[in-house]
Every structure is written in C-alpha cells, then in structure tokens.
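Trainee: Please take me closely through one part of this model: the region between its domains, with the spaces that go with it.

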Amino acid sequence: MNRTFMGYERANGDIGIRNHLLIIPTVICSNQVCNRIMQMVPGTVAIPHQHGCSQIGADKDRTFDVLAGTGKNPNVGAVLIISLGCEVVDPAALAEEIRKTGKPVEFFDIQSVGGSVKAISHGAELAKRMMADLEKQEKVPVPWNKLKVGVKCGGSDATSGLSSNPALGAAADSLIAEGGSIVIGETTEIIGAEHLLAERCVTPEISDQLYHIVNRFEDEVQRMGADMRGGNPSPGNIAGGLSTIEEKSLGCISKCGKAPIQGVIEYAENIPDHGLYFMDSPGNDIECVSGMAAGGAHIVCFTTGRGTPTGAAVIPVIKITGNKMTFEKMEDNMDVDVSDMLDGTGSLEQAGDRIWQEIMDVAAGKWTKAEVLGHQEFSINRIGPSL
C-alpha cells in the first residue's frame, strides 16, 4: 500500500486529518455565545458542556484536561476560548496549555467585553480571521504510522460480537501492522473478560494496571450501593439478544484485534505512538469518544448492532454494523455494512479489509455519515459532585 496519505502537519510534528477551528467554552455560562459564533462562522466547531464551575479537586482537573486535550487534538488547527470571567477553569492557563502544540489560540471573557451580544460580535470577528488563516494551510504527505484510531461499540446486539467487532479487530491489526496506534476503552464493557486482555499485556505491571482500573470501577459502583447489571447489558442490548455482561464483554474485546497491549492510560490521557493501548473510560458513547478525542485520536470506529447516529466534535466517527436490517433502516447513519459475514457470502478477512479501506478513505478526507449530518456530540466524564 501507499505508505503516506495527505494530512495537515502541525508545528509540534503531529498530523491532522481535519483542520477545525475549535471554539471552547470554559464554562456552561459561555455555551450560547460559542454556539452563536459557530452558527455565524462556517467551518468552526463548538463544544458546549455543562461544567467549568462549582467543581473542585480531581473533578475540576478533569474538565480542564479534557478541554485542553480536545484543543490539542491534531485535527484542530486553531482554538478560540471563551469564558464568562469568574469560573474555576482558568482560560489563560487553558490557552497556555494548548499553545504548547504551537497552534494559534485566542481567548476572552464575556464579562470584560460587555455581555453576550458584544461577545458574539467580538468572537465572530476573531473566528473569521482565524478561519481565513486556517484555509491557507495545505495538506502534505504524512506516514500512516502517525494515525491513531479509537475502537468503540454501542447499541450492541447479538451480531456485534459475531461480525462487526471481530471485523473491526482485523482492521485494527492492519493499522498496527503499519505502525499506527489503536486505543480501546469502555472499562465497564470488559468486565468478565478482563483476564483475557490482561494476558495480552506486555508486562506484569501493565496487567496489574488493567485489573486496577476494573477493580476501581467496581468499588465505585459498590460505594453507590448499586448493581451495574441494572444498566449493563442495557435494555436495548437485551432486546438485541445479549443476555449477560460476560457475553457482551467477550464480544466487545474482539474489536481491538490480537495485538499485545502496550499500556493502560487514564481517561483523556495522551495516546502513545505505535501499538495497542487501553484507556480507562465509561461505556457511555459520548463520554468515551470524547475521552479518546482528548487523548489525540484522529478517528473513532464505532460498531453498532441496533444503530446509533452520534458522532464527535473534532474527529470523524465511522459507523459499522453487522446487522443487515440496521444498515437498511439506518442507512443515513451507517458507513460500513459487514453483515455478509453472517449470511456466508463474506469472510472476516474481507470485512476487515473493507473497514481498513474506510479508515484510509476517511483519513484522506472522505466525510463520514455523522460528519455529513453535523453530529458534533461532546461530553466530559465526571469524577465528583457539584458544589
């Protein structure tokens, strides 16, 4: 295969497959201003969220880290940060952290410029100038070993573990063979099968880390006095033919292929180069994908048996299904159909090649269905209570 594709080279050596101007609200209070600027300036992407105030400790730090990581994502070419002016997330510190990548960053607060109307006008002018500079950037040849892809499943059914997940695993192995990175998450979705992933860790220390994050999650559920089996498998999973969390987990882990696990990383932590990594994250679709984006993933491949339309703010999300009825009913949302694995007309290898080709096409510029439809979902996984 061609060992390069056309992408955007960043000042710090990262490569991007998109060239977004990202508008970051530091707090829920600036969401509307950010959304209005996005509507006024085509090509911009805003990430409204409900956090940034009334947070302390590790919870406050997580919000900062996810916002910073999303701004650092290689698919982002420049960043505009808009704060209210009195929240716990420091916009100057956030701008400084993102500027470490070498990309342009501007920020201001709504209180200082005189309220929402003036802030929208001021922000729109800044965004137009920044977009004009981004549009001058040209793509250059970049190697495939720079590519980082997240693998995720959601709205799973009985076909997920039989077709779409193992097919995605085959595609994941293809990227790793090219020297790229794969990150799998969803700590909740490996319970009952964690021992199989632990056996693939390259050192005993990494294996211990994997068990640690599973135990940490289970301890938190027990602390709440809840039974996770009330929500996992979900009602939709059960209706789709999945009976237990163990059955679901065994199908889930097949989507990361067969490579050894090189490391375990925390939620939104930077994804290392080359190889397979596990990110501690919830099974919640948007929170998991947002964590992968904040960690530097360029693309997420998302398998679904029952169908889901969600995308992500700064990274393309490729939707893959092994359920023929879902592909036909939700053709607007599905990118790849691998249901021929189940009717005997297609092989695992062929399905994996189909997904790998889609990854290459999307990296080279093809829009996913979620991008075409404007899906830009974003959510931050929280740790602690609000004050």
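Mentor: Start with a term: buried area is the accessible area (1.4 Å probe) that two parts lose on being put together, summed over both. The model is predicted: local features need pLDDT of at least 70, side-chain atom pairs count only at pLDDT 80 or more, and totals for chains, interfaces and linings use all residues. Residues are numbered from 1 along each chain as its sequence is written, and side-chain values use heavy atoms, leaving out hydrogens and water.

The parts are domain 1 (20-135) and domain 2 (143-373), with bounds from an automatic or database domain assignment. Taken over C-alpha atoms, their centres lie 29 Å apart. Domain 1 brings 12 residues to the contact and domain 2 brings 11, where contact means heavy atoms within 4.5 Å.

Together, domain 1 and domain 2 bury about 910 Å². Carbon and sulfur atoms give 60% of that area. On the domain 1 side, Val66, Asn73 and Asn75 lose the most area to domain 2. These three residues account for 41% of what that side buries. The salt bridge count between the domains is 0, with a side-chain nitrogen of Lys or Arg within 4 Å of a carboxyl oxygen of Asp or Glu as the criterion.

Now the second largest pocket. Its space is about 460 Å³. Its lining has 24 residues, and Arg18, His20, Gly43, Trp367 and Glu371 are the closest to its centre. Strand 4 (44-46), helix 5 (116-134) and helix 15 (369-372) each give two or more residues; helices (H or I, at least four residues) and strands (E, at least two) are DSSP runs, numbered from the N terminus. Both domain 1 and domain 2 supply at least three lining residues.

A pocket is an open set of points on a 1 Å grid over the protein atoms alone, with protein on both sides within 12 Å along at least five of seven lines; a cavity is a set where a 1.4 Å probe fits but cannot get out, and lining residues have an atom within 4 Å of a point. Points join across faces, edges and corners, and volume is the space filled by probe spheres set on them.

By class, the pocket lining has 12 nonpolar, 8 polar and 4 charged residues. Ala, Val, Leu, Ile, Met, Phe, Trp, Tyr, Cys and Pro count as nonpolar, Asp, Glu, Lys and Arg as charged, and the others, Gly among them, as polar.

Last, the structure holds 1 cavity of 30 Å³ or more. The largest cavity has about 40 Å³ of space. Its lining includes Thr70, Val289, Ser290 and Phe378. Helix 11 (residues 285-294) gives the most to that lining, 3 residues.
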